Amino acid sequence: MQRQAHKRHVVVVGGGVTGCATAFECAQAGYAVTLVERDGIAAHASGKNAGNLNPLIGTPAGQVRGALEAFQRHAEIYTALRKLGCADYAPTPVKRVHLGVDAAERTQLEEIAASCQADERFSARWLDHAALRRLEPRLAPDIGFGVLTEGSLSVSSRDFTQALARGAVCLGAKIVIGAVTGIVTRDARAVGVETTDGPVACDALVLATGPWVAEAKSWLGITIPVSPVKGQMLRLRLAGDALAYDFTWQSISLYKRQHNELWVGGTMEHSGFEASTTVAAKTMLLDQAARILPEVRQAVLLEHMAALRPMADSGDCIAGHAPGWQNVYLANGGGAKGVLFSAGIARGLRQLLRHDPAASAPP
C-alpha cells in the first residue's frame, strides 16, 4: 500500500456530492486524498435532482442553523473552485412562488413568509390573484394567492459534484473508480482499503456511501442508521415560453432550469433499493404539475429520473466518528437537501479530522 510522502492520507468512499465535497475539503486542508467510487462521479442521486440550495423552506427548526452555515459554505466553495478553474457551474438566484388555494394553505404560506423575513439575506412578498396572473398568466385559475420568496440559489447538482471532484484532483487528490471489497484494520483503526483497483493505505477513512451503507456492517461491524428514499422527477420542455419563476404547490414543485427546461419534482418513496421509474409516479407528477400549470399537458418529456437518497433515521445529517473506531468517520444523511447539506457535512468532517492526531494535516 502506497501513501503520499509527508502527508496524512484520507480515503473517502463514495463519489456522490457529500463524498466529493469531503474530498475537496480534505485536499484543501493539506491531506493526501483518495476518493473511491464504484460507478462514477455523480452517477446516482447527486446527478438526478434539482440542486436547490434552500436553507429555510422545508428545513426542520433544529437544522436551520446548520443549513444556513452550509449555504454560506457553498459561496466559499464556489470562490475556491473558480480560483482553481474548476467551477463549471454557476449558483443561480431563485425566485420561487409558493401557491395556495384555501385558508389552511394560507397559514402554511404565512409560516414560509415569516421564516424568510427573519433573515436579511432572504425576502418574501405576498401576491394576490391578480398579481399572480401578471407574474405568470398560464397558472391554473383556481390558484388564489402566493408568496414570492427570494434569496435561495440553485445549481446543476451533477456539474457541482463533478466540479468538486475536479477541484480535489487539482489539489492533488486521486480518484479511483472501483468497488471497495474490504477494509484492513488494526487496533480499532482502519489502515487500508481493499478495492477492485488495488489496495489503498489510509490514516483516516470517511464513509460517504449514501444509502448503500450495509457494507459497513460486514467491513467494520457497525450499522449506520440511514435508509434509501426513492425520489422521482420529470425533466420537461414547455411548448411555449420558459417559466421565469419556480412554483410550488403542496408537495409538487416546478423548477425553471438551464436550457429552458422545466423540472417537476418530486416523490419520496420508501421502497428499499428498488430504484426504477414507475408509470404511477410519472402520472401523479404530471397530474399535480398540471394543477399548477395546465400547459404541462403539452410539454415534451425529456427524461424521467429516479434515484435513491440517503435519509438518516433521525432526520439529521451525519458527520462524525463511526462507533468503536478511532479514525473512521461517517458523512451521510442529507436526504432531500443533500446538495445543500453536503457543504456543511464536509466542513464538519474536516474539523473533526483536525483533532485526530494520526490524521492531522501537516503544518
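I took helices (H or I, at least four residues) and strands (E, at least two) as DSSP runs, numbered from the N terminus. The model is predicted, so I kept to pLDDT of at least 70 for local features and 80 or more for side-chain atom pairs, while totals for chains, interfaces and linings use all residues. Residues are numbered from 1 along each chain as its sequence is written, and side-chain values use heavy atoms, with hydrogens and water left out.

**Entry 1: the second largest pocket**

I looked up which elements line the second largest pocket. Strand S4 (92-100), helix H5 (157-170), strand S14 (252-257), strand S15 (261-265) and strand S16 (300-312) each supply at least two lining residues. S4 gives the most, with four residues.

A pocket here is an open set of points on a 1 Å grid over the protein atoms alone, where a 1.4 Å probe fits, with protein on both sides within 12 Å along at least five of seven lines; lining residues have an atom within 4 Å of a point. I read a volume of about 490 Å³ for the second largest pocket. That volume is the space filled by probe spheres set on the points, which are joined across faces, edges and corners.

The lining has 27 residues, and Val 155, Ser 156, Arg 257, Gln 258 and Trp 263 lie nearest the pocket centre. I noted eight nonpolar, eight polar and eleven charged residues in this lining. Ala, Val, Leu, Ile, Met, Phe, Trp, Tyr, Cys and Pro count as nonpolar, Asp, Glu, Lys and Arg as charged, and the others, Gly among them, as polar.

**Entry 2: Val 169**

Val 169 is found in helix H5. Val 169 counts as partly exposed because its relative accessibility is 40%; buried means under 20% relative accessible area, exposed over 50%, and partly exposed in between (1.4 Å probe, protein chains only).

I found a cis peptide bond between Gly 265 and Gly 266, with omega about -15°. Gly 266 lies in the loop between S15 and helix H7 (279-292).

Ala 42 is not a glycine, yet has a positive phi of about 60°. Its loop runs between strand S2 (32-37) and strand S3 (52-53). Ala 42 counts as buried, because its relative accessibility is 1%.

Ala 188 also has a positive phi, about 65°, without being a glycine. I placed Ala 188 in the loop between strand S8 (180-186) and strand S9 (189-195). At 29% relative accessibility, Ala 188 counts as partly exposed.
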